Amino acid sequence: MNRIQKLSAEVIAQIAAGQVVDRPVSIVKELVENALDADATSIVVKLEDGGKKNIVLVDNGCGMSEEEIKVAIQPHTTSKIRSVADLQSVHTLGFRGEALFSITQAADVYIQSRQRDQQVGTKVVVENGTVKQIIQAGMSVGTVIQVRNLFRNIPARRKFLKSATQEFQLILTTLTQLALAFPRVGFQLHHNGELVFDVLPHTSCDERVRAIIGESIETLFIPISLTVSEFTITGFIGAPQAATTVSQSQYLIVNQRPVTSPRISKTIKRAFKTLLPPGIQPPFVLYITVDPQTVDVNIHPQKREVRFTEEEILLQVLKTLVIQTLEKANLLFTITDVNGLVVEDSKMDAGTAHILREATQLWNVKEFYDDEPILQIDNLYLIAKTKQGALLIDQHAAHERILYEQFLESFLKQKVTQHTIQQPKTIFLPLLESQLLLENADTFTKLGFEFTQQSNTEFLFTRLPALFGTRKIEEYLLEVLQDIRDQIQVPDVDIQSHRTIAYLACRNAIKAGEVLTQTERRNIVTKLAATTSKYTCPHGRPVAIAVTSTDFAKLFYRIPAFRNE
Amino acid sequence: MREFSTPMMQQYMNIRQQYPDCMLFFRLGDFYELFLDDAFEGAKILGITLTRRPRGKDGDIPMAGVPFHSADTYIAKLLRSGKKIAICEQVSEPDSKGIVDRKVIRIITPGTILDDRSLEQKKHNYVCSIEITKHAIAVALADVLTGDFQVTQFERGTDEREKLGTHLLRFAPSECVVSVTTYNSPELLGLITEYHQSTVSYAPFFGESVRESEVYVTQQFGVASISSFGFGHLPVAITAARALLEYINHTQQSTVTHLNKPTLFVPDEYVLLDSSTVANLELFSTIHERTYDGSLLHSIDATKTAGGGRLLRSWLLHPQKNKTVIESRYDVIETLYSDAETRENFQSQLSSVLDIERLTSKLALNIGTIATVLNIQQSLEIFLSLYPLVTGYELYLFKKWQQLPAGQIKKLVQKIVRTVGEEVTESGEIIRKIKDGVSEELDVLRELLATGETWIQNFEKTEKERTGITTLKCRFNSVFGYYIEISQSHLKSIPENYIRKQTLVNAERFITPELKSHEEKILGARERIEVLEREIFNQLVTEVIENMSVIKEVAAALAELDVLCSLSQIALERRYCRPKITDNSTLDIIAGKHPVLAEKLQEQFVPNDVLLNEDTQQMMVITGPNMAGKSVFMRQTALLVLLAQSGSFIPAESASISLCDRIFVRSGASDNISRGLSTFMVEMVEAANILQQATSQSLVIMDEIGRGTSTYDGISIAWAIAEYLVSNKTKKPKVLFATHYHELQELEARFPSIKNFQVLVKEQHGAPVFLYTVTPGAASHSFGIAVARLAGLPTEILKNAEQLLHMLETGTGVSATTKTKVPHRNDMQLDGRETSSHLKKLEALHTKIAALTLENTTPLQALHVLEELQQQAEKIS
C-alpha cells in the first residue's frame, strides 16, 4: 500500500482554514473586517465562553444577496480584489477571499443578510462545511453571522484553545484595535450576556481614543502629532507612570489598519531612555498614514504585521518626535497613579560598580543650606510646599535618581575614554551577527572595542571598554548587534549597564527611615529639581508625586473628582 | 357585650369599642396582646398560640400575643389578610396607684403603612377616598410616606366606569375609603370594585357640607382659601380631599403636617391611556402572569433610587402632550448619552441616595430615629456634591437646579453633622448619638456618669482588697440600685459598715451609704441625659421638618436626574434614537422595535417601519396569519409613541412622531366573567368608548375587532367601524387595524386614506416560515391549520380541517370570493397547495445540487450523491 497519499480536498480545506481561523479571535477579526468593508456604522459582537461556544456578529452594512452569500462561502472568493494588480493598492481590510469559507470549514455558520433595497433577507445555514438550508428571513438591513461549535470536528485544534477568559481578552484587544482604527463606526461587545465594550460612532480618531482610554487620557497620556511629506503621525503616548510590563496597550494603526510592529514599539521604548526601566513598555496609540504603495500588508497570514519601504526614516522621525514630546511634557506623577514597578537587581555587575564608584564623586546631601520648612513623614517621605500645591517625595527614590544621573554621566565618559588592554579574548558569533559586526566595526570602535577577525565567525578582541571587564562580552555584543539589525540606533546605555548604575545609585542613596535635617531635605528637593529626568527612580517607581490644589479640592469633594482641570 | 370587672379589661373594652373595624394591639409590658375575638382571629392568621387568662369572676379570657420588638412582621402579615390594626400603647409610667393609662397612638391600614420594609421601594403606596354624588365622581389620593397628595373630579355619565377604572388602574391605591352611602349601594360600590381589587372601607369623614370640608382642608394646610389648590370649583373633590385627610389624621391619631398641598390631577394634561391600554401594553405587569418581569417598566428601569423608580413609573403613566417638556427631557438624555462618563459618575453617586421622601415623612410622623436623620443628611450631601456639576450644564432641566436652595441645604447638613453622629465601638457595634459639644449640660452629665461608673468600678476593687473577699461583686438592678454581693462562704469577713439588704440562697446583698450616694448621682445623671438627648433630638427633627419643602424639592430634583440618567443609559446601551416631535400629524417610524421583545430576542427581532398620516395613510389594515407578528407590530407602535412622549428615546433607526392625545389599544378578546359580560360585550363596550373619544391626534390600535361573534356579524361590525374611523371629517385618528377578515382588504380601493399591509409569511416544505416583516399588500392565507399543526393538534383533526378548508375555498365560501377580488396578490407560492408543494420539492432539489462542492467531492462520493438525487427526482414526478 502506498504510504504517501494525496490529502483529500476536505483535509486540505481544513488545513488551509486553520491558517486563517486558529482561534475565536481570528473569526471575530475576519467578520468585523468584512462588516467594515460593507460600510457598516454599527457592529455588535456577542460571545459565549470567549467565542468558543458561540460568536454572533450583527452589522448594519450593505448586506448580501442570496447569490452573494452562496458565492461568499466558496473558497477564494472576494468582492474586494479582482487581479494581482489590485493587491498593490488594497484599501479594504479583507482581501484574500478565505474568511467565510475557512470559518465554514471550522464551525457551524448561520448567515443572515438583507440588502437595503430588499424587504427581507436570506438565511443560509452551513453545518459541517455543507449548506444545510437556504431560506428567506425577516430582519434589519445588514448582516448577522453566527458561528457555533468552533472546531467541533477538529478536536486537535479545539484542544489548543485557551480558557474562555483568555480567548475573550484576545478578542477584546482585537476589537479595541479595530475600534481605534475606525472611529466612525460604533462597536459593542457582549460577553456571556454582559455589555463589556461600548463605543458610539465618533467623528475623529481623537474622540475615539479619548472614549476608549477614558479619563486617564488627560493625566497619563501626551498627544503627539507630526506631518512630513511621506507620512503623518498622530496619536498619544503614555507617560512613564502609565507603562506596564506588557505591550498589550500599544496600538498602532497604519492606514486605518490595526497592525503590530516590534520595531516601532522598540523605537518608542528607546525614546523613553531611562524614564522607563527595561522590560517595561509604554502604552501608545499611534496613527500612521502613508502612501499605500509604500506599505506591505500582505506579509502575515493574519495580516498583523506591516513593513514600510521607508522604515528607517519613519523610525528616526518617530524617535525624535517622542523624545521631543517627552521633554516638553510635564511628567510629574499625579496622585491618581502610584503603581509600583519592581525590577530585579541580581544582574548587577560588580566590576562596573567598582569603577563607577571610584570615578563619581558622590553628591552629598548636607552641602546645601536651609531655606523653608519641609516636612518629613515616617522618616521616608518629604512634603514640600510648591506654588501649585505640594510635592510628595520619596527621599530614597529621589536621592537615587540624583545619584543615577551622576553615575550615568561618569559612565558615559568612562565608556569612550578609558580603554584597557585585556588578555586577548576569542569570541564566536553567529554568521549573521558576524557580518553585522564587520559592517559596523566603526560603531564598536567608538564604544571602546578593538578586534580582529580570525575566521568567518571567530573574533579576537584585544581591547574592551574597562567598564565591561568582568562581564560576558558576548551578551553585550549580541544585544547591540540585535539593535543594529533592527536598525535601531545603538543606545547610550545597554540594559546591563543600566542595571549596574541603578544598583549603585540605590546602594549609595539615603535609605528609608533616615532622619533628615531641614537642610538635607532642602538639598534633596533642590537637587532633584535639577536632574534631567526627575520623574521616576531608575527602577521605574515614582520619585515625586505632585498634589495640586485641584487634587486637594477633589480629595475633599470641593470639586468633582472626575473633572480634570 | 361582655362586661368585665377587672380595671384592665374594662379599660380594654372601653378602647376596643372606639375602634370597631380594627384589631387592637394592646400593649402589656413587652408584648402586644390580642383579646377575645381578636385573639381567635389573630392566632389563626399569625399562627401564634392562643391561650386563656383566668380572671376570677370574669372567667377565662382568650388571648394571644406577639413581642413588641418583632411586631412589624406580624402587623405586615395581618395587613396582607386585609386587617386594620390599632396600636394601643402605655402612655404613663407604671406606679403603685392603679393601672397605667393606655391610648391608641396609631392605626395601621394597607394604605397607611409606615414600615417601609413591607412596601415596594419604587412604587407609591396610595390610600384614596372616593366620593360619588349624583352628578360627579371625585377621587383623592395620598401617599402617607412620600407626602404625595392629589385629587381629581369628573362628571358622571356613560364613560364614568372607564374614567374611574383608568384612574384607579393608573395609581393602584392599596386602600379605598368611601362614604357610608356609597358603601351601602351595591351599584356604586360595584363601580369601584370592578377595576380595582383593594381594601374598601367606609368612614364617616365625608363631611356635613362642602363649606365644612373646605374649612377642614384649608385649616390643615394653613391657607386662606381652597382656591389656591386649583380645585375650589369642584365641590365633590373638596369633599373627597377632606375625607382622605381626616381618615389619615384618624389613622395617625394626630394632625399630619407633612403631606404636600393637594394638586388637581387633570387627565387631559397627559396622553390619555384607557385601562385596557395600560393592561394590553403591559406597562407595569404582564397581562397573563401579572408579573413585573416582562413589563415595559422592568425592561427600561435602570434607576438607582427609590424616588427615581417612582418617578419613572409616573412618567410612563403620564406621557406628555407638551412638546417643550418632552424636548427638554430629550436634551438632557442626549447630553448624557454622549458623555457616558459623567452619567456613570452621577449614577454612582445617586446609588447612595436613600429614600429622602419617606425618611422625611417618618420624621414628621414621629417615628424617626437618629439613623433616619443621618440617612437624610447622607443623601443631602450627595445632592450638594452633585449640585455644582449639574448646574454647570446649559440645559433647561438642569438650570432648574440653580433655583434649589443649596445654601439652605448646606446649613441643614452642617447642623445635623454638628448635632448627631455615629461611632463604632471596639466590638464593632455602631452607636448613633448626640455628639459631644452640642450641649454643655449634656457634656457635664456624661462626664459625671462616666466618673460615676468609674467610681463604682474602683469601689469594687478597693472593697475587694479591703475585705480580702475575691468574689465580691458590685452590681446593679432596678429594684435595689447598686449593691454589693458576697457569697455564702465569705459572709464571716464582711466589714461593719455594710448594710444587709437581701438574702439569696447562696449569697447576700449589701449596701453602704457611700455607694448609695454615688448611686443617686449616677441615676440622676442618666435620667437627665436621656431627657436632654431627647430634647436635642426633637429640636433637630423640628429643624429638619421646617426645611421639609426644600428637602422635598431636592428629592424631586434627584429623582428627575436619576430617571434621566436611567433613560440615557438604556438609550446608549441599546442605541435608541431621539424621536423628532412634530405637530404635522404624521407618525413615521423607521425600523422600530418592540422595547421589551427586542431585548429578549436580540438580533432575531425583526424591526418594522410604520407610517400613518391624515390623508394618504390614516389607517393601515393589516392581514396575515396568526403568530406572524401583527399584534407585536401594533403594540410596538403604541409603546414607541408612549415612550417617546414620556420623554424617552426609542428603539428605532429614526422616528418622527406627531404628538398624540390618546392611545387606545383594543386588543385580544378577554372575558370579564366577574363583570358578567361576554367577550363580545367587552369588545363592543371598549370599541364604543374608542369611537366616542378618539380625535385627530389619537392613535387607535384595533386588533381583530369583531372576533367574538359569528363571522358575518364580525365582518360587518369590523367593516363599519373601520369605515367610521376614516369617514369623519373632523376626527381622523391614526389607526392600525389588524383583522383576519380578508374582506376588509377591499376597503383600500374605496377609501384613499386606507392602505393594506401584510405580515410576510413564506411557505417552505408545507410549513409557514414567518418573516415578521410588515409590507404593503394583502395577505391571502391565514395558515390556521399550519399553526394548529405547530401547536400539536392531533393529525386526524388537522386532516379533517384541511379537507373542510378545501371544500370551503373551492365552494362558494367567503374566502373564495375574496380571492378573486383582492388585487394585491404578489405571493405566488401561496397559490394552490399542490403546485406549491411540487415547486417546493423541485426547489429543494435545486438547492441541493447548487450547494454541492465538487472540488471537495471524491468520485465515489459523487456517485452516492447522484443516486440520492435520482431518488428524490423520482418522488417528485
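These are my notes on chain B of a predicted model, covering its domains, its contact with chain A and one pair of helices.

**Domains**

I looked up the domain assignment of chain B first. It gives domain 1 as 7-108, domain 2 as 116-269 and domain 3 as 275-425 + 542-573. Domain 4 is 440-533, domain 5 is 580-825 and domain 6 is 833-876. I then took the centres of domain 4 and domain 6 of chain B over C-alpha atoms and found them 105 Å apart.

**Contact with chain A**

I next listed the residues in the contact: 25 residues come from chain B and 28 residues from chain A. On the chain B side, at least two residues each come from helix H13 (340-350), helix H15 (370-391), strand E28 (754-764), strand E29 (767-776) and helix H29 (833-850). E29(B) gives the most to this side, with five residues. I sorted the chain B side by class and got ten nonpolar, nine polar and six charged residues.

**Helices H7 and H8 of chain B**

I checked how helix H7 (residues 210-221) of chain B packs against helix H8 (residues 235-252) of chain B. Their axes come within 9 Å and cross at roughly 55°, so H7(B) is oblique to H8(B). I noted the crossing of H7(B) and H8(B) as left-handed.

From H7(B), the residues that meet H8(B) are Val210(B), Ser213(B), Glu214(B), Tyr216(B), Val217(B) and Gln220(B). H8(B) answers with Pro235(B), Ile238(B), Thr239(B), Ala241(B), Arg242(B), Leu245(B) and Glu246(B). By class, I have this contact of H7(B) with H8(B) down as seven nonpolar, three polar and three charged residues.

How values were computed
Residues are numbered from 1 along each chain as its sequence is written. Chains are lettered from A and ligands numbered from 1 in the order in which they are written. This is a predicted model: local features need pLDDT of at least 70, side-chain atom pairs count only at pLDDT 80 or more; totals for chains, interfaces and linings use all residues. Domain bounds come from an automatic or database domain assignment. Two residues are in contact if their C-beta atoms, placed from the backbone, lie within 7 Å. Helices (H or I, at least four residues) and strands (E, at least two) are DSSP runs, numbered from the N terminus. Ala, Val, Leu, Ile, Met, Phe, Trp, Tyr, Cys and Pro count as nonpolar, Asp, Glu, Lys and Arg as charged, and the others, Gly among them, as polar. Axes are lines fitted to C-alpha atoms, for helices over the stretch in contact, and angles run from 0 to 180 degrees between N-to-C directions. Angles under 35 degrees count as roughly parallel, over 145 as roughly antiparallel, 65 to 115 as roughly perpendicular and the rest as oblique. A crossing is left-handed if the near helix is turned anticlockwise from the far one by less than a right angle, and right-handed if clockwise.
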